[in-house]
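Here is a short briefing to read alongside the sequence and the model.

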Amino acid sequence: MSAPFVVAVDGPSGSGKSSVSRAVAAHLGGGYLDTGAMYRALTWWCLESGVDLTDLDAVAAAARDLPLAMSADPAEPGVLVGDEDVTEAIRTSQISAQVSAVATNPGVRVALQEQQRDLITVIGDEQGSVVAEGRDVTTVVAPDADVRLLLTASEEARLRRRTVELHGGADEQTLEATRDEVVRRDRDDSTVSQFLVAADGVLTLDTSEMTFEESVAAATAAVDAVRSAG
């Protein structure tokens, strides 16, 4: 039985890493893991449970006990906490505004990174391949992945994409309303993980001037090149 084919993708908000990663996973006929959704799910659970996000030990303990289940289907990724489907709830502005407090907690990162490695193994074994994306997947979670990609884009391009995604348009008012989520979160998260500059051996794809289809084509070409060489 051949080893699972693993693709690790990192990048800042609005770089296209989630949508491109899902497309690559579908291209491979394998599974998908959104590691960022795990931090969002933990944030949601702490808020629902009354855990103070400034209490580092309490939040880290919550990370170890989080009753999390992730769908690996790239066409329909879902997140369950206990029996509750939180796929939509973890994408609200309330969670976006507070998730960095959880994601920059060192104890949380250790706990969730261990879970992410386990999930990559399980999904890969079940489906033959897995695309895992997030902030430090290429460097910490899966540094030995078969393909490691850093998707990036200019701040202007990333801000416009995220604004259209959240608000359906990108006029000046909605751009400014979204700026804090994109710029501040990236700044905060970059204090604990490297996702703005590619590490050694990680291929950078700058999608600033690319359409979604072009971004997917570039990523799948990089993946297919490694698969055919192997």
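Predicted model: local features only at pLDDT ≥ 70, side-chain atom pairs only at ≥ 80, totals over all residues.

Residues are numbered from 1 along each chain as its sequence is written, and side-chain values use heavy atoms, with hydrogens and water left out.

**Helix α3**

- V59, A60, A62 and A63 are buried in helix α3, residues 56-65 (buried means under 20% relative accessible area, exposed over 50%, partly exposed in between, with a 1.4 Å probe and protein chains only).
- These residues lie on the same side of α3 because they cover an arc of only 155 degrees around the axis (taken from the directions from the helix axis to the C-beta atoms).
- On the other side of α3, you will find D57, R64 and D65 exposed.
- The buried residues of α3 pack against α2 (35-49), α4 (93-103) and α5 (106-127), where contact means heavy atoms within 4.5 Å.
- Helices (H or I, at least four residues) and strands (E, at least two) are DSSP runs, numbered from the N terminus.

**Salt bridges**

- The structure holds 3 salt bridges (a side-chain nitrogen of Lys or Arg within 4 Å of a carboxyl oxygen of Asp or Glu).
- R91 and D34 meet at 2.8 Å, N to O, and this pair links distant parts of the chain, 57 residues apart.
- D34 is buried at 10%, whereas R91 is partly exposed at 40%.
- R109 pairs with D136 at 2.6 Å, N to O, joining helix α5 to the loop between β6 (129-134) and α6 (137-141).
- D224 and R227 meet at 3.1 Å, N to O, and they are separated by about one helical turn because they sit 3 residues apart in helix α9.
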